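The report below goes through one protein chain, beginning with a single side chain and widening to the whole fold. Please keep the model open while reading.

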Amino acid sequence: MSWRPLGVSRRYSSRPSVGDVVAIDHRAWEVTHVIDAIPTAEEEARLNAYRAEYREKHLPYKVSLKRLHGPRHENENSRAEVGYRVPVGAFGAFPQYKDGRVPLCSCHGHPWPCLEAEQQRYAEAELAKAEKALRVLPGCCPACGEVVTHRQKSITFGGPNVSNPLAEGPTYHLRRRCRQGAAEYEEKWVNDEPGRKRSLLTLWCEGTLIVHGDGSGECFGAQGQECPSVYARHRAHVACYYQTHGCGRECSRAGHPGTRLAGRPDDPRAVLR
Ligand SMILES: [Zn+2]
Ligand SMILES: [Zn+2]
Ligand SMILES: [Zn+2]
Ligand SMILES: [Zn+2]
C-alpha cells in the first residue's frame, strides 16, 4: 500500500528547493539541502538519450530532509535528518505540501492519513468485501452479482466457499470484468487447501516467453523452475527475432505476431487437463 498524503501536489521532474515541505514515508519533511550528484556511467548513458533541454532537469541530485511531523524514521540521524540520492529520471519524487501546510491527524499529530488510520481503512475495506460475499445469491457471480447462465462461460470453484463458510464454492463469469474477482478468489482458494491447482487466472511464470512467427510460445522457465504453461502470465515477453542469437527456428520477421501468442484457450482450466 503506497501512502497517499493529503494536501500535496506532485511536481513532475523538477527537484525540490530548500525550504519546501515534502511528504515521504508517512512523514512531512523540510528540505534543508539540495546539491547535484555525479551521474553514474549508466545514468550518463540515460542522460545522453534525453533531448538537451530536458537533460539539466533530470540530473541526479542529493537532498537532505529534516523531519517536521510524523514518527521517528529508522534512517534519520540525531538531528532528525535523512539524506537521499535521487537518480536520473525519478519523476515527482517529492510530493510537496502547498504553502508548507501539513494536514495532521487528531490521533497522533502525524501527517494525514497516519499509519493507523490507513490500516483501519484497509481493514474496513476487507470487511466490506467479506460482507459483500455474504450477500451474493446462489447461482450468481460474486464479482458482478448477476446470474450466471448456462450459455455464459464461467468457472466454478469446488469445496466450501473460502470467503463464506456457509456458502457453496462460487461460480464466476469468465468475462473480462469478472476475471479479476475470479483470480482473487482462486488465489485464496489454492492457499486454503494443499494440492489445489492454479488455472490460467493465477498461473505465473518467472521466465521469459518467446513468441515465434507462427504465434507459438516457448519458455525455458527461470531459476530452475519449469514453465507451468506458455499461456501463464509471464514476467517478460519477447518476439523470437529479438534474441541475441536470433531465432533457432529461423522465423521470418515479416508477418510476425510480435509478442501475441496464438491459441490461448478460452477456458483458464484447459491447461490442467
Ligand atoms: Zn493518527
Ligand atoms: Zn460476473
Ligand atoms: Zn522463432
Ligand atoms: Zn514460462
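Tyr 185 belongs to helix α4, which covers residues 176-192. In this predicted model, Tyr 185 counts as buried because 23 other C-beta atoms lie within 10 Å, where the cut-off for a buried residue is 20 or more. Once its neighbours within four places in sequence are set aside, the residues in contact with Tyr 185 are Phe 157, Val 162, Pro 170 and Tyr 172.

## Helix α3

Helix α3 is formed by residues 115-135, 21 residues in total, and the distance from its first C-alpha to its last is 31 Å, which is close to the 30 Å expected at 1.5 Å a residue. How many of the 21 residues of α3 are buried? The number is zero, so α3 lies largely in the open.

## Domains

The assignment divides the protein chain into three stretches, with domain 1 covering 8-115, domain 2 covering 139-201 and domain 3 covering 203-262. Between the C-alpha centres of domain 1 and domain 2 there is a distance of 43 Å.

## A sheet of three strands

One sheet is open and consists of three strands in the order β10-β9-β11, and its pairing is mixed. Its edge strands, each of which pairs on one side only, are β10 (217-218) and β11 (233-239).

Strand β9, residues 204-211, runs parallel to β11, and the two are joined by six bridges. Within this part of the model, Thr 208 stands opposite Ala 236, a residue of β11.

## The chain as a whole

Along the principal axes, the C-alpha atoms of the protein chain fill a box of roughly 65 × 55 × 30 Å.

Of the 273 residues in the protein chain, 21% are buried. As for contacts between residues at least 6 apart in sequence, 57% of them join residues at least 24 apart.

Technical notes: Residues numbered from 1 in each chain as written. Chains lettered and ligands numbered in written order. Predicted model: local features only at pLDDT ≥ 70, side-chain atom pairs only at ≥ 80, totals over all residues. Helix = DSSP H or I, 4+ residues; strand = E, 2+ residues; numbered from the N terminus. Expected span 1.5 Å × (residues − 1). Buried ≥ 20, exposed ≤ 12 C-beta atoms within 10 Å, placed from the backbone. Domains from an automatic or database assignment. Pairing = 2+ DSSP bridges. Contact = placed C-beta atoms within 7 Å.
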